[in-house]
Amino acid sequence: MSMQTRTFIVYVEDLPGVLNRVASLFRRRGYNIVSLNVGRTHEPGVSRMTIVVEADDDMARRIEANLYKLVNVLRVDDITHEPSVMRDLALIKVRAGADERPKVLQVCEVFRARVVDVAADSLTVEITGTQDKIDGLVAVLRDYGISEMVQSGAIAMTRGAERAARHPVTPSTPETRQLKVA
Amino acid sequence: MSNDEAQTTGANILWQALVREGVEVVFGYPGGAIMPAYDAMPAYPIRHVLVRHEQGASHMADGYARASGKVGVAIVTSGPGATNLVTGIANAMLDSVPMVCITGQVGSALLGSDAFQETDITGVTLPITKHNYLVTRPEEIAPTIKEAFYLARSGRPGPVVVDVTKDAQQKACHPVFSDDPVRLPGYRPDYSPLPEDLERAVEMIHRAERPMILAGHGILRANATAQLLELVQRCDIPVACTLLGLGGFPATHPMNLGMMGMHGEAWVNTAIQEADLLLALGMRFDDRVTGKLAGYAARARKIHVELDPAEINKNVKVDLPIIGDVREVLTQILPKLEERRHPGWAARIDDLKGDSAVRDIQTLPDAGRLYAAHVIHDLYKLTEGKALVVTDVGQHQMWEAQYYKHDHPRKLITSGGLGTMGFALPAAIGARFAQPEDEVWVIAGDGGFQMTACELSTCAQEGIKVNVAIINNGFLGMVRQWQELFYDRRYVATPMRSPDFVKLAEAHDLTGLRVTKREEIGPAVQKARETPGTVVIDFRVEQEDSVYPMVPAGADLHQMIRRPERNPMQETGEDP
């Protein structure tokens with residue numbers, strides 16, 4: 001079976017050490033994390049992770065099953081094949097003096113990136129989008145000289161309004177669909 | 001305003017919580033960070049067994065849990081006390097044994113400061129526990145202990161560590177004990193099989209011509225022996241057991257073929273390779289069971305009944321996974337199954353057995369020498385197969401699995417997944433408390449016995465009666481066997497000189513016996529059974545004897561090294 005980039009949304013209890021438990025699981029089972037983002041949600045006590053990994057179908061199922069074995073993991077959605085919005089945020093500091101500045105600004109315009117800081121010989125640019133879009137901007141700005149860059153890691157959400165209703169607390173894969181909620 | 005009378009310390013709450021969980025015995029070792037708990041202990045109806053090394057405490061809790069079906073408890077101090085538990089925790093994790101380990105921890109104000117005897121034991125044990133907790137306030141103790149026991153015993157069981165800071169033990173609060181069931185939003189261990197999957201399983205079983213059942217530890221954990229018997233009898237399906245599945249189906253039942261895998265009998269492994277249906281019940285296709293995966297049971301369709309969804313398709317790809325408790329699945333499936341007979345398949349298996357029987361060491365003369373397989377076979381006969389046997393890890397463990405026939409569950413306790421040398425003696429001490437009426441025998445090698453031999457002192461102090469059979473061949477036998485077979489007999493670091501085990505027993509005020517000939521086995525076993533207190537028997541067995549058959553690592557299951565038809569050493573009677 002072929003490896004592909006998979007996206008999981010993982011709801012976890014917002015407790016100390018939970019990130020460590022999730023990361024430790026991926027490390028010891030040898031699952032390769034492409035990106036991992038974690039943050040709070042609108043529900044108190046619930047954090048949400050977006051984890052992007054390289055995995056084939058079988059591995060993806062086992063990742064989901066293993067995540068469910070962690071007591072603090074509330075729900076796992078493999079949204080790889082679902083219509084969804086994925087976003088990454090990058091901050092890029094570009095070397096740009098007075099001469100280059102208009103050209104860089106023009107590039108930013110094309111990529112819909114925002115300039116968030118201007119110094120005498122540099123610009124800091126903020127861009128939100130898919131990894132492809134960020135890669136595209138980075139490729140162009142590299143010619144001017146990138147002195148610093150940071151990415152947030154992908155966050156994702158499925159499209160449509162009723163995701164939570166279609167998938168209430170119970171998980172979604174064949175192996176775990178038989179779970180009875182205690 | 002708070003009522004001081006009603007307040008009590010975290011240490012008291014800890015013991016009250018353990019009493020509420022039905023704990024009768026704990027295995028432990030005191031130290032600075034757990035002293036408040038120890039100080040409170042005498043007020044509670046819980047027996048404490050003082051171990052000689054904390055690894056022993058974890059194995060005792062493990063042995064107690066396996067022999068009783070209940071949760072075993074170990075209690076130790078912080079730092080080295082806690083880290084010494086690690087091997088036993090990993091052992092319990094790989095064999096799915098319900099265990100709660102309580103570790104003392106430095107005061108919460110000192111956490112993270114590299115204080116004296118501070119170790120981040122929740123961090124250390126994170127990958128080898130089902131779950132773990134760091135408790136820093138007395139209010140958290142009661143609910144955490146309740147959760148820990150629930151997690152340890154429910155679903156796929158496993159070890160849980162509860163790390164309690166010293167100040168949480170010392171401070172007082174109003175204890176709140178809840179009788180409500182534990183609710184953990186992210187933990188839902190109750191599975192029920194899907195009706196359509198059961199229908200498919202029934203159809204596959206009905207259609208099979210050469211079916212086999214692979215019975216694992218799950219049969220014992222789920223108490224599914226009766227259901228398995230009914231299935232076997234109704235559908236005429238032979239059973240092969242994993243090491244940890246031994247005893248889940250009566251060994252003397254004609255449909256029980258014995259143990260499968262690396263040291264399984266040749267007819268078992270060959271039958272698995274020829275089967276057209278494998279019905280795997282509560283087992284996980286460990287690499288010691290399958291041999292090379294690519295060549296494993298290629299002709300068989302596979303049904304995998306398993307409690308843990310993460311085990312599905314992990315090693316062996318199966319045609320039909322059924323997630324659920326083995327007993328529940330079998331109970332639901334049995335009414336749908338019709339009678340089946342497979343005379344051709346039974347005849348084929350009989351053929352395979354006949355070929356192996358002539359090679360069996362039990363049929364060979366001993367030429368006045370003592371063979372480990374004879375010791376175990378004779379022990380089986382002398383104890384009428386009724387002893388609770390706890391083995392260590394290595395050659396003797398495989399001979400035990402081959403020659404001591406267990407007809408009942410929980411009568412064989414052995415370290416399977418982790419293969420922990422030193423497991424047997426402490427695990428037997430734990431089992432002793434779980435089954436006080438059973439005759440308990442430790443079978444250990446000279447190497448493994450010495451790893452935890454200090455627990456003889458525990459036997460003496462606590463007045464514990466176990467019988468210890470040391471299969472003493474002067475080598476780390478299993479490693480020596482591999483060196484013989486795969487490293488051109490270069491015996492690097494495997495010859496082992498041991499103390500005089502008879503004197504060692506006597507130094508502990510226990511009884512020691514030595515056996516060098518087969519005819520001495522009976523009287524020695526009889527003496528051990530009659531003598532009060534722990535008895536150690538030093539069986540001086542043949543040094544360079546090997547366990548056969550053997551599937552070399554990385555080979556297909558049927559590509560076994562068979563038992564030699566005649567052992568030349570036995571013919572000459574000379575020392576090698």
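## The contact between the chains

In this predicted model, the contact draws 21 residues from chain A and 22 residues from chain B. On the side of chain A that touches chain B, the elements giving two or more residues are helix H1 (18-29), helix H2 (57-69) and strand E4 (73-78) of chain A. H2(A) supplies the largest share of that side, five residues. By type, the residues on the side of chain A that touches chain B are seven nonpolar, six polar and eight charged.

## Chain A

Chain A has five helices and nine strands. Read from the N terminus, its elements follow the order β-α-β-β-α-β-β-α-β-β-α-β-β-α. Of the 182 residues in chain A, 30% are buried. Contacts in chain A between residues at least 6 apart in sequence join, in 73% of cases, residues at least 24 apart.

Strand E1 (residues 4-13) of chain A is largely enclosed by the rest of the structure, because seven of its ten residues are buried. E1(A) runs antiparallel to strand E3 (residues 46-55) of chain A, and ten bridges join the two. Within this pair, A:Val10 is opposite A:Met49 in E3(A). E1(A) also pairs with E4(A), again in the antiparallel sense, over five bridges. There, A:Tyr11 has A:Arg75 in E4(A) as its bridge partner. E4(A) is also among the elements that give two or more residues to the side of chain A that touches chain B.

Helix H1 (residues 10-20) of chain B is mostly covered, with eight of its eleven residues buried. The buried residues of H1(B) are B:Gly10, B:Ala11, B:Asn12, B:Ile13, B:Leu14, B:Trp15, B:Ala17 and B:Leu18. Their cover includes strand E1 (8-9), helix H2 (35-40), strand E4 (72-76), helix H7 (141-153), strand E7 (159-165) and helix H8 (166-170) of chain B. Just after H1(B), B:Gly22 has a positive phi of about 85°.

## A parallel sheet in chain B

Strands of a sheet pair through backbone hydrogen bonds, either parallel or antiparallel. In chain B, six strands make an open sheet with parallel pairing, in the order E16-E15-E17-E18-E20-E19. Strand E16 (412-413) and strand E19 (511-515) of chain B are the edge strands, each pairing on one side only.

Strand E18 (residues 467-472) and strand E20 (residues 535-540) of chain B pair in the parallel sense over six bridges. B:Ile470 is opposite B:Asp538 in E20(B). Helix H17 (residues 395-403) of chain B lies across strand E15 (388-391), strand E17 (440-445) and E18 of chain B, and it runs at about 135° to E17(B).

In soluble globular proteins, nonpolar side chains tend to be buried together. The largest nonpolar core here has 204 residues, and the members that touch the most others are A:Val10, B:Val100, B:Leu214, B:Val442, B:Ala469 and B:Ile537. Helix H18 (residues 424-434) of chain B gives the most to this core, eight residues.

Leaving aside residues up to four places away in sequence, B:Val100 touches B:Val71, B:Val73, B:Ala148, B:Phe149, B:Ala152, B:Val160 and B:Val162. Another core lies apart from the largest one; its 13 residues include A:Cys108, A:Val125, A:Ile134 and A:Leu137.

Technical notes:
Residues numbered from 1 in each chain as written. Chains lettered and ligands numbered in written order. Predicted model: local features only at pLDDT ≥ 70, side-chain atom pairs only at ≥ 80, totals over all residues. Helix = DSSP H or I, 4+ residues; strand = E, 2+ residues; numbered from the N terminus. Buried ≥ 20, exposed ≤ 12 C-beta atoms within 10 Å, placed from the backbone. Contact = placed C-beta atoms within 7 Å. Nonpolar A, V, L, I, M, F, W, Y, C, P; charged D, E, K, R; others polar. Pairing = 2+ DSSP bridges. Axes fitted to C-alpha atoms, helices over the stretch in contact; angles between N-to-C directions. Core = buried A, V, L, I, M, F, W, Y, C linked by C-beta atoms within 7 Å.
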